[in-house]
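Below are some points for a colleague who is coming to this structure for the first time. Please read them with the model open.

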Amino acid sequence: MFKQFIAAIAVVATLATPIFAAEFTDEQLEGLEARIESFDAAMKSSDMSQVMDVVPPKVLDKIAANFNVTTEQLIEATQQQMDQVMKDVEIVSFGMDLEAAEFFETADGTAYALIPTETVMDLGAAGGKVRATSSTLGLFDEETWYLVRVEDAQQVAILKEVYPAFADVEFPTGSMEPVTE
């Protein structure tokens, strides 16, 4: 009985722990780098339609369904909200550190990367500058890399719902701190 219990714990621990991926091809890594570059450019220009283009379609479709709107309506509404927010916020810098990324596979072989991400924002006179650090999930799905914020609990819940392979994956939490210069 004890041996079966230990074996069961070992199986659960294996399923709940990310498995380092086999090798990614140069083409796959170049695809991830290109995706990050396009996202970086979209963030800097506040082009929400391009920002939303890096989110997996399954995630966008689920969010749209939750709000009973089309995916196109969701993207348009998000663009309007971001335009409003960005009137009071300036993105000073944004970057993902692909060189420091960690590459994994879920138990079912779904490839992914956790990419350290840093955003410095100027919130104006009321808030000053803040630095947000987090990890961005790079998800390889059907030959395409997608990017997902994983410090947002709602986003992670939707991700895990539409990609059940991530159900037991624990994602790192982000942090925010004032920038004192």
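1. Strands, as the word is used here, are DSSP runs of E with at least two residues, and they are numbered from the N terminus. In this predicted model, Phe-140 belongs to strand 5, which covers residues 129–141.

2. Is Phe-140 buried or exposed? Its relative accessibility is 15%, and because buried means under 20% relative accessible area, Phe-140 counts as buried. Once its neighbours within four places in sequence are set aside, Phe-140 is in contact with Gln-28, Thr-110, Ala-111 and Trp-145. Phe-140 and Leu-32 are 108 residues apart in sequence, while their C-alpha atoms are 8.5 Å apart in space.

3. Turning to helix packing, helix 4 (residues 57–66) and helix 5 (residues 71–85) pack with their axes 8 Å apart and at an angle of about 85°, which means that helix 4 is roughly perpendicular to helix 5. On the side of helix 4 the residues that meet the partner are Leu-60, Asp-61, Ile-63 and Ala-64, and on the side of helix 5 they are Thr-71, Leu-74 and Ile-75. Sorted by class, this contact has 5 nonpolar, 1 polar and 1 charged residues.

4. The largest pocket has a volume of about 1300 Å³ and is lined by 41 residues, of which Met-82, Arg-149, Glu-151, Asp-152 and Gln-155 lie nearest its centre. By class, the lining has 25 nonpolar, 12 polar and 4 charged residues.

Conventions
Residues are numbered from 1 along each chain as its sequence is written. This is a predicted model: local features need pLDDT of at least 70, side-chain atom pairs count only at pLDDT 80 or more; totals for chains, interfaces and linings use all residues. Side-chain values use heavy atoms; hydrogens and water are left out. Axes are lines fitted to C-alpha atoms, for helices over the stretch in contact, and angles run from 0 to 180 degrees between N-to-C directions. Helices (H or I, at least four residues) and strands (E, at least two) are DSSP runs, numbered from the N terminus. Angles under 35 degrees count as roughly parallel, over 145 as roughly antiparallel, 65 to 115 as roughly perpendicular and the rest as oblique. Contact means heavy atoms within 4.5 Å. Ala, Val, Leu, Ile, Met, Phe, Trp, Tyr, Cys and Pro count as nonpolar, Asp, Glu, Lys and Arg as charged, and the others, Gly among them, as polar. On a 1 Å grid over the protein atoms alone, a cavity is a set of points where a 1.4 Å probe fits but cannot get out, and a pocket is an open set with protein on both sides within 12 Å along at least five of seven lines; lining residues have an atom within 4 Å of a point. Grid points are joined across faces, edges and corners, and a volume is the space filled by probe spheres set on the points. Buried means under 20% relative accessible area, exposed over 50%, partly exposed in between (1.4 Å probe, protein chains only).
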